[in-house]
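User: I have a structure open and would like to go through a few parts of it with you. Can we start with how some of the helices pack?

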Amino acid sequence: MQTGTAKLTIDAVEEDLEARFRSFVASHTDRAVRVAWRLVGGDEAAAKDVAQEAFLNAYRALPRFREEASLETWFYRILVRRAHNYRRWLALRKLWGAPWLDDPPDPAPSAGSDPMLRRRIAKALDRLTRRQREAFVLVHVDGFSVRQAAEMLGMPAGTLKSHLHRALTKLRAELEDLGNTLVGGGEDELP
Amino acid sequence: MNSPDDDRPVLAREDAELVKRVAEIYAPPSLTASERRDFQGRVLARAGATPARPGLRLLVPIATIAAAAAMAMLWMGRPHPNDSAPISETESTQVSRIAIWEYELINPPELDDTRPQEEVEMLPDEYVAIASLLL
């Protein structure tokens, strides 16, 4: 009898976990893929792989997290780390001679904006340091708060703000020749 | 203006515009309904295949590797029959023959002028004469 009760309890807990996980995946799929896409450098397949692996990590860690907010922060922390690992792997592949990887495909070929402009932005982001890029993407582009992003990146908020400032300064310098096209509000015209 | 929960730094107008345009332009295409369904289906299927305690998943391969490593150590550490047996005279002779063969392979006797020319001496005189003309 006791075993039966215990089994029922475990089943209920597992059902609860399943339900929580389904809800978490449903509410974070789009954002996770978008953040991963920007962090891996515009590769859609890689972004989906990174997001999928991060979700699986979240599933395994689900019992440890009671609050959705802490799970979310933790999840994006894993996602950022996996995206970084992907970039490192890609850099190694390039280093050890995979010539077809020298020129990455156009990020988001089906998106409406100018492909050359996207490529320029991708390269400008690529030239930032890892932390600057991650801070910029998480806070300025994807709208996480400084506190959340600092937790995700495992650094104090002050340090994160410093990375944000440097990232913005570099991007301004890198993209200033786009002039009216980017900063002045022109519609995706090339210089 | 930032909301009370928004602790992001307030940007100058130009910077805010730059960030806005980067976010707009550097964005992936939105997932279609079928792509989203497909993605979520794969995630849930993989999660369903994951046991409640992922640590147990690693138990079998770790145990297999540990057993194989233990077997290998036992095999390599076992007393070898040749380790303790004294070298017999026959074995000693074989070893020295192999050493001589190896030495001759590295230093061919035909290139060594100091060796006795036994083969040449055994040749008939006319062959020696022809050889002396040619060489």
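User: When helix 4 of chain A passes helix 7 of chain A, is the crossing right-handed or left-handed?

Analyst: This is a predicted model, and in it helix 4 of chain A passes helix 7 of chain A in a right-handed crossing.

User: At what angle do helix 4 and helix 7 of chain A pack, and how far apart are their axes?

Analyst: Helix 4 of chain A, covering residues 115–126, and helix 7 of chain A, covering residues 157–175, pack at an angle of about 140°, and their axes are 10 Å apart. Because of that angle, helix 4 of chain A is oblique to helix 7 of chain A.

User: Which residues meet there?

Analyst: From helix 4 of chain A, A:Arg120, A:Ile121, A:Ala124 and A:Leu125 take part, and they meet A:Leu171, A:Glu174 and A:Leu175 in helix 7 of chain A. Sorted by class, this contact of helix 4 with helix 7 in chain A has five nonpolar residues and two charged ones, with no polar residues.

User: Changing topic, how many aromatic pairs are there over all chains?

Analyst: The count comes to nine aromatic pairs over all chains. In one of them, A:Phe75 and A:Tyr76 are arranged edge-to-face, with 4.9 Å centre to centre and 75° between the planes.

User: And are A:Phe75 and A:Tyr76 buried or exposed?

Analyst: A:Phe75 counts as buried because its relative accessibility is 0%, and A:Tyr76 is buried as well, with a relative accessible area of 0%.

User: Which residues form the aromatic cluster with A:Phe75 and A:Tyr76?

Analyst: A:Phe75 and A:Tyr76 form one aromatic cluster together with A:Phe24, A:Phe55, A:Phe144 and B:Phe39.

User: How far apart are the C-alpha atoms of A:Leu153 and A:Leu138?

Analyst: The C-alpha atoms of A:Leu153 and A:Leu138 are separated by 9.7 Å, and the two residues are 15 residues apart along the chain.

Key:
Residues numbered from 1 in each chain as written. Chains lettered and ligands numbered in written order. Predicted model: local features only at pLDDT ≥ 70, side-chain atom pairs only at ≥ 80, totals over all residues. Heavy atoms only, no water. Axes fitted to C-alpha atoms, helices over the stretch in contact; angles between N-to-C directions. Helix = DSSP H or I, 4+ residues; strand = E, 2+ residues; numbered from the N terminus. Parallel < 35°, antiparallel > 145°, perpendicular 65-115°, else oblique. Left-handed = near helix turned anticlockwise from the far one by under 90°. Contact = heavy atoms within 4.5 Å. Nonpolar A, V, L, I, M, F, W, Y, C, P; charged D, E, K, R; others polar. Phe/Tyr/Trp six-rings, centres within 6.5 Å; stacked < 30°, edge-to-face > 60°. Buried < 20%, exposed > 50% of the residue type's maximum accessible area, 1.4 Å probe, protein only.
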